[in-house]
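Student: Please take me through one part of this model closely, beginning with a loop residue and its backbone. After that, carry on to whatever else in the chain can be described at the level of single residues.

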Amino acid sequence: MKLKFDYLTKCLLLLLVVMGMSSLAMAQRTIKGTVTDAQNGDPLIGANILVIGTSTGTITDIDGTYELRVPDGAKEIEITYTGYAAQKVALGAGNVYDVAMSAGAILDEVVVIGYGSVKKSDATGAVSSVTEKDFNQGIVTSPEQLIQGRAAGVQITNNNGEPGGGINVRIRGTSSVRSGNGPLYVVDGVPLGGDATSGGGFDVGVGRQTSRNPLNFLNPNDIASIDILKDASATAIYGSRGANGVVIITTKSGQAGKNVLDYGYSIGFSTITKKVDVLGRDEFLNAYESFNGAAARATLDLGANTDWQDEVLQTGISHNHNLSFGGGDKSGDYRFSLGYLDQEGIIKTSGLKRLSGRFNANKKFWNDRLKIGTQVTVSNTHDDAVPISENVGFEGDLWSNALKANPTQPVRTANDSLFQFSNTEPNPVAMIELVKDFTNTLRALGNINAEIEIIEGLSFKTLVGFDRSSSSRKSAWSRDLLAGTSGPFGKGFLYLSDIDVNNKLWENYFTYTKDFGSVDFNGTLGYSYQEFNYNTKRSELTNFRTSDLDLMINNFASANQAGGKGIVGTNSSQSVDELQSYFGRINLGFLDKYLVTATLRADGSTRFGGDNKYGYFPAFAVKWRAIQEEFIPDFFSDLGVRIGYGVTGNQEIPHNLYQERQRYNDWDINQNGDVTGGGIGSVAFANPGLKWETTVQTNIGVDFGFANNRVSGSLDFYHKNTNDLLIQVTSAQPAVNDFVWKNLDADVVNQGVELTLNLVAVDKPNFDWNINGNVAYNKNEVKNFSGLINTGEINGQGLTGAFAQRIAEGQPLFAFYVREFDGYDDNGITIYKDGDVQRFTGASPIPKVTAGLTNSFRFGDLDFNFFFNGQFGHYIYNNTANALFTAGSLANGRNVTKDVVGNGESNLNAPDVSTRFLEKGDFVRLQNVSIGYSLKPNIKNVSSIRFSITGQNLFVITGYSGQDPEVNTNKALNGVPSLGIDYSSYPRSRTILIGANITF
């Protein structure tokens, strides 16, 4: 359904009015001056000068000088510069105002809040800001990794260790059952769509494979800051997409006053952090003999001594190049950048290559009344994948076979061909050499914007944005590969998956800023329209006459098409969704003490039926800047109290679920080479009352600072309630409809507390020591729900239909629902506490506590920092151990971990889903250690050189027996996602990175 509106005509008329009003004459005068360091008299380049009560401003040039046209009647200007105390200067009759700035007081940080920015001291909502100097170092492929552990209440989990692999971001807990739980990302003013931009893999008998992180296209070296909007009063300006928080990414711009050429290079070496402790050759044979006897041992012994983990692992070498050139003057700035990343994975043939380019520019015209800007990035990302899946059965994928493969089995035969034992026990090396799976994704994101000052304090901004990507995944499986009961042996498979995305944005808004004596006013009123075009196409080919993977990929004709069994178009799809919005925000300041923010956004979405096409999302917040009160003791340098309330929404559901729709099911080529499928199936049934998932949040916060802000931080308490949960419900049969999409009558409550603390421990001319820490507690609970929803599929031999999680009243989302293991009886059969039934055990996959701690030191030109992060109070279900590491597996000739031998289990025991495989997930990780040395050489045109060495993921302290506790395999059941399950995940690595940077 198309949204009905005639905004184009209205906006064109509005632009004509704006242009006409802009021709009105304004009485102005020009002031000028020089900004210098009060201690040594050096000019300060790029200092900001702003006429208070207006948006009129400029910056100093290379000599520290400035020139600014100010309206007649302007009373005061403010000068700010990083590391210096802000200064206000009263304007008199003169035209020259020189300013000497003193270091010491911390500059009031500016945070981006959506459609504008504010000083952090004036922010009424809960906002965390992380700038470049605080970003995580090392090999970073996506923006989320830059801020992992750096912001209170923001849980960031790498799903596995694969280069470019998926990442889960949760801000203030997990709120949704079926809709997206991730935040909205806004890059330079352009909100991103939440859909995957690269295709997942087909199931070739070894399970389904995941798609890549859609944010991998952004070069982290281009990012200047990341602001996280956490509470509803901050996120309500984004309405229907703000329920899970908003992450605003701002990229770098050129520096005023000078041209800067910068080049950086780093090389990294990555190795596995922890190999799984499986049996060696003799241990394996002895343990197998204990179950099956000496004769069986002799049959099983194939004569080799193979460490299968070593056979598939490698030292991954990574290269990262970044080149940028930028500059600017009082009227504008520009920056070009190029980046190239080549990251090898620690499993052979896996990796990621990314070539990216960015151009940012801003220019002022008409006495600085018209500003035109653009930010554009283009990247091409190449992902090389290996056959590691989410839901493989007993046959195993690449990594699980490297763990369970017979260590006496050779890698190759005497004639150097690959030794292949059976399709249920495939050779892991063969799964590397006889499979080629890669994805190419070309993506362009950008905007062009113009802002005009109509009259003093009133401006109008229009922004046109785009987000286009084209992705192609090709996965070739050789006919020589013996793997999977329905695998490619004897015929070969080629799978093709294409995704094309074309999203468009047009936003227009007015901003009015005015100082009414003791009252400061800032208002924003705007309109936004965004269109999301999403197209997919999938095909399968089989019966190849060649085993050459490159020929299979590049020459489809090598597939035998006789009898129609060679090529089939699996399916294709096209969807168009629209979001039309009106939004407004008012900020009021009284006496520089009392701040009020009121926000309202109305969103109309084509994803919902006619009864609830539009949703309305209000928010209100107040702040008392107590530091301005005379009765506050002098040892406080900052003190403020914030209270906020707001309503936000979540529309992250598939296209058009409110109308009855049918489509053709996927076509498929089965293991015999026959084409099957294609019947018509239902996608959705009529439900015009389907409505927005809604989150209501209350926040109380305190900002504080002591001793001239040498100690500073914030403390926040929040309560977040999500209701009208969007979910697909299966109907009890017989019924007219097999299922229906509906709003679940239930609440998901997240409540908690967050603490951020910053300490300047030492501040000497040649020695600095800064400590930054954060900790957050969150409690998650499902309330007012009378139903039961199972999820968390568990895979492995004998585990068909098994699950480990249930959503129910009084439990956290995705609570573990398993049998309680109570040892073995005299026959080695499992004893379950209170009977062989699944039950809640009080274990949750959602961490109760997250924390991060950074220490930064500077000794002259030498700097050193280390960063710890941790998660506590949650559990992980070890599906890998459940599927692979049991006495039954050992008795069947598969390798196991050493703890299985002699544990009392019988080979006849059924490895049911139980607390035997449920483990605490608590961990503390030394995420980053970095040492750098900077120097200013006496070389013409060279400004500075910096050398660095960084250690990434150096060690982790945990009681979890798996490869790494930071893991999350997608084990969805009936479309309901899971959390906190580990199954054959790509292993995590430790990286040492050596880098150099030179600035001209």
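**A loop residue and its surroundings in the chain**

Tutor: Asn367 lies in the loop between strand E20, residues 351–365, and strand E21, residues 370–385. The model is a predicted one. The backbone of Asn367 has a phi near 55°, a positive value in a residue other than glycine. Most residues other than glycine have a negative phi. Asn367 has a relative accessibility of 48%, so this residue counts as partly exposed, given that exposed means over 50%.

A positive phi is also found at Asn784, where the value is near 60° in a residue that is not glycine. Asn784 sits in the loop between strand E37 (767–783) and strand E38 (789–793). With a relative accessible area of 52%, Asn784 is exposed because the cut-off for that class is over 50%.

Leaving out residues up to four places away in sequence, Ser469 touches Thr197, Leu442, Arg443, Ile499, Asp500 and Val501. Arg443, one of these contacts of Ser469, lies over the face of the Phe217 ring, at 4.1 Å from the ring centre.

Gly465 is also placed in strand E23, and at 4% relative accessibility Gly465 counts as buried. Setting aside neighbours within four places in sequence, Gly465 is in contact with Val190, Gly446, Asn447, Asn503, Lys504 and Leu505. The C-alpha atom of Gly465 is 9.6 Å from that of Asp188, although these residues are 277 residues apart along the chain.

Ser712 is in strand E35, residues 711–730. At a relative accessible area of 16%, Ser712 is buried. Beyond its neighbours within four places in sequence, Ser712 is in contact with Phe704, Gly705, Thr756, Leu757 and Asn758.

Now the aromatic rings. The chain has 30 aromatic pairs. In one of them, Phe864 and Phe866 have ring centres 5.9 Å apart and planes at 50°, so the pair is tilted. Phe864 is partly exposed, at 26% relative accessibility. Ring pairs also join Phe864 and Phe866 into a cluster with Phe767, Trp769, Phe857, Phe859, Phe868 and Phe955.

Phe859, one of the cluster residues, also belongs to a nonpolar surface patch together with Phe269, Leu862, Ile931, Tyr933, Phe947, Ile949, Ile992 and Ile994. Together these patch residues have about 770 Å² of accessible area. Strand E48 (923–935), strand E49 (944–958) and strand E51 (989–999) are the elements that give two or more residues to this patch. Phe947, a patch member, lies in strand E49 and is partly exposed, with a relative accessible area of 45%.

Notes: Residues are numbered from 1 along each chain as its sequence is written. This is a predicted model: local features need pLDDT of at least 70, side-chain atom pairs count only at pLDDT 80 or more; totals for chains, interfaces and linings use all residues. Side-chain values use heavy atoms; hydrogens and water are left out. Rings of Phe, Tyr and Trp (its six-membered ring) pair if their centres lie within 6.5 Å; planes under 30 degrees apart count as stacked, over 60 as edge-to-face and the rest as tilted. Buried means under 20% relative accessible area, exposed over 50%, partly exposed in between (1.4 Å probe, protein chains only). A charge sits over a ring if NZ of Lys or CZ of Arg is within 6 Å of the ring centre and within 35 degrees of the ring normal. Contact means heavy atoms within 4.5 Å. Patches are made of residues with over 30% relative accessible area and no salt bridge: like charges are joined within 9 Å, nonpolar side chains (Val, Leu, Ile, Met, Phe, Trp, Tyr) within 5 Å. Accessible areas come from the Shrake-Rupley method with a 1.4 Å probe; for residues, only the protein chains shown count as cover. A salt bridge is a side-chain nitrogen of Lys or Arg within 4 Å of a carboxyl oxygen of Asp or Glu. Helices (H or I, at least four residues) and strands (E, at least two) are DSSP runs, numbered from the N terminus.
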